[in-house]
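Colleague: Hi! Could you walk me through this one?
Modeller: Happy to, here it is.

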Amino acid sequence: MQNISHTYQTLYSELSQRSLDGSFAGEFNVEGRFITAEVKGRRYWYFDLPDGAGGKKRTYVGPVEDPEITRRVETFKDLKAGIRERRKLVSTLVREAYLPRPERQTGDIVQALAEAGFFRLRGVLIGTVAYQCYPAVLGVRLPGTAMLTADADFAQFYSISVAVDDQVPPMLETLKKVDPTFREIPHQADGRFATQYASRKGYKVEFLTPNRGSDEYGGRPTPMPALGGAAAQPLRFLDYLIYHPIRAVLLHGAGVLVNVPAPQRYAIHKLIVASRRLTDDDGMAKSRKDRAQAATIMEAMIETRQTEDLADAFMEAYDRGPAWKEAIRKSIDQLEIDVRHRIRSGLTEGIHKLEENPNNYDLRERTTASPK
């Protein structure tokens, strides 16, 4: 792996700040005003805009405790989008720093959802498209072979979808602005709802939400009040992945500000899902890709001395129960010997730094491991 120079990391930080500024300048009309409201003991920013008929439209903005949101609320009238300057920054990062950019349709879809307010409503971009954001986040160039995809996955907690008291425009209309051939795919368990959308060429967009109830909920779609008519497919382990996401910029157009999982959680989650894939050809191929992405991020974090963050995420998942432990063990055992050794050594170092005992986390090499 090759580190990205400090110069380009600084440019990326500048792009991130300008993208957040631009998202505010683009979404909120200067004729409106920001107000705060308390919901279940927490204070949130909302934006009130006159509707021209004596009333007002209220839009959810974000938590008051988020310093970046609050700072931009306080200086809202002074914000400027700077679209041209942002495009130059994106071009420089792609052309000179060799950072990945998504293929055009993927970028257009993520941008459409961003402009519709999906990320403002605390939605999270997951899957391989999110993985494309991590080289800039980690400051390390990652292999491009694990970045190819023909779909885009988005997630949101059901509790958040209810609590924000706001919603994006109709999801199908938003997607049709990118490709008029997009259609809803009725859910197999309940055709009244759609968690997936597909274009005529087969590009898929899917919405997911954590399943923290009984297994019977996993087969049924969950209506999501904030997602403009879209439902979401409940999945195990997803609550771990999208807890405390981070901001990143997808290098498309003038830069698209998104929420993505913290890289350490993305890596550990990929270890878990890799071991639970079906054993058919498609499932095995996805497992290999999952493990490749997990190992790459973990090695990058170890190389850049972020072992404590990685170890903390590892221990949290490992301590959640036998199913989590077995899934993580199985995937680590299937890594190549040298990769497996570096990752176990890095995790051991991080656990020591956190003043915990690595012997509690089964990081010793086992003779039964069979590298693949």
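Modeller: A charge counts as sitting over a ring if NZ of Lys or CZ of Arg is within 6 Å of the ring centre and within 35 degrees of the ring normal. This is a predicted model: local features need pLDDT of at least 70, side-chain atom pairs count only at pLDDT 80 or more, and totals for chains, interfaces and linings use all residues. Residues are numbered from 1 along each chain as its sequence is written, and side-chain values use heavy atoms, with hydrogens and water left out.

Colleague: Which ring does arginine 265 lie over?
Modeller: The face of tyrosine 240, with 4.7 Å to the ring centre.

Colleague: And how many aromatic pairs are there?
Modeller: There are 17, where rings of Phe, Tyr and Trp (its six-membered ring) pair if their centres lie within 6.5 Å; planes under 30 degrees apart are stacked, over 60 edge-to-face and the rest tilted. Tyrosine 46 and tyrosine 60 are edge-to-face because their planes are at 75°, with ring centres 5.6 Å apart.

Colleague: Which residues form one aromatic cluster?
Modeller: Phe118, Phe119, Phe154, Tyr197 and Phe207.

Colleague: New topic: which residues of α1 meet α2?
Modeller: Gln17, Leu20, Asp21 and Phe24, where contact means heavy atoms within 4.5 Å. Their partners in α2 are Glu68, Ile69, Arg71, Arg72 and Val73. Helices here are DSSP runs (H or I, at least four residues), as are strands (E, at least two), numbered from the N terminus.
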